[in-house]
Amino acid sequence: MVGYDPEARCVSTVEAAVAGSASGLVTRVLISPLDVIKIRFQLQIEQLSPRNPQAKYHGILQAVQRIFQEEGLVAFWKGHIPAQLLSVGYGAVQFMAFESLTKLVHNVTSYNARDSFVHFVCGGLAACTATVAVQPVDTLRTRFAAQGEPKIYRNVRHAVVTMYQTEGPRTFYRGLTPTIIAIFPYAGLQFSFYNILQQFSEWVIPAEGKKGGNIKNLVCGSCAGLISKTLTYPFDLFKKRLQVGGFEQARAAFGQVRMYRGLMDCIRQIMREEGPGGFFKGLSPSLLKAAVSTGLVFFWYELFCSLLCALKSTDSAVRKEG
């Protein structure tokens with residue numbers, strides 16, 4: 001169902017956007033706590049270790065307990081409104097662009113639209129398009145998830161006005177360069193490996209065992225998320241560090257803060273002060289989040305597409321009878 005298939009075409013481009021936005025909405029509700037923990041880990045300068053007394057967070061369970069004790073249960077959904085706007089918008093643009101690009105490849109080139117390399121290129125381009133469209137919302141989401149108590153921003157409107165007045169319009173696109181650099185291979189690998197794993201499952205699983213298609217989609221998506229996140233993780237960390245630039249006062253309660261002049265300065269400072277391991281801070285919750293979120297995104301997307309197809313089939317049957 002993911003990607004253009006001339007032999008089994010069912011959903012239109014608009015319907016793909018609807019299914020993509022719906023899958024993003026449902027997935028975001030479920031994975032928000034992992035996202036908050038991941039961002040807290042990525043922004044911490046101190047080593048993520050219980051041996052470092054200055055480290056606020058040093059493990060997933062410890063971070064969960066500390067956030068819950070200090071900030072309450074709702075802290076795990078900090079920045080949820082901009083995060084939902086991000087997920088809904090990103091899902092709609094990404095899947096709409098992906099379906100359109102794979103259809104274009106089928107119509108104007110000799111390549112097979114179901115080929116894994118085609119899915120890699122189209123998936124990467126679709127993600128870049130979606131990223132540019134929702135980057136301001138992603139920056140807002142990161143700021144809300146990163147701030148402690150007392151809060152700097154009261155709500156989304158206050159955050160937008162304050163950031164625009166104090167830092168200018170370019171602040172909403174901080175971290176865009178590493179995001180674009182990372183998102184193309186990350187999303188490309190997601191779609192490519194999802195396609196490869198789906199084809200592999202078709203070969204491995206006998207015909208009578210293919211009833212559990214939804215579970216298969218979830219497993220294939222989770223594996224694709226793990227592989228792609230591991231290969232591209234450092235750029236996600238660079239993006240988060242750059243997005244909170246100019247926001248240092250809200251980070252004081254969490255430990256040391258740093259100012260970066262750009263992507264290369266960010267890389268140099270992390271390497272010098274935190275070592276190679278600094279590029280992979282927050283990897284464990286990030287991998288957990290990637291496995292869960294990617295699996296759920298593909299699971300819900302395929303499910304919503306199937307529902308839309310069923311509704312169209314029912315509607316067509318009713319019209320014929322009428």
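Analyst: Rings of Phe, Tyr and Trp (its six-membered ring) pair if their centres lie within 6.5 Å; planes under 30 degrees apart count as stacked, over 60 as edge-to-face and the rest as tilted. The model is predicted, so local features need pLDDT of at least 70 and side-chain atom pairs pLDDT 80 or more, while totals for chains, interfaces and linings use all residues. Residues are numbered from 1 along each chain as its sequence is written, and side-chain values use heavy atoms, without hydrogens and water. One aromatic cluster is formed by F95, F98, F191, Y194, F298 and Y301.

User: How many aromatic pairs does this rule give?

Analyst: The count is 14 aromatic pairs.

User: Why is the pair of F95 and Y301 called stacked?

Analyst: The ring centres of F95 and Y301 are 3.9 Å apart and the planes lie at 15 degrees, so the pair is stacked.

User: What makes F95 and Y301 count as buried?

Analyst: Buried means under 20% relative accessible area, exposed over 50%, and partly exposed in between (1.4 Å probe, protein chains only). F95 has 1% and is therefore buried; Y301, at 0%, is buried as well.

User: Why is the pair of Y233 and F280 called stacked?

Analyst: Y233 and F280 are 6.2 Å apart centre to centre, with 20 degrees between the planes, which is a stacked aromatic pair.

User: Is Y233 buried or exposed, and what is F280 called?

Analyst: Y233 has a relative accessible area of 0%, so this residue is buried. F280 has 38% and is therefore partly exposed.
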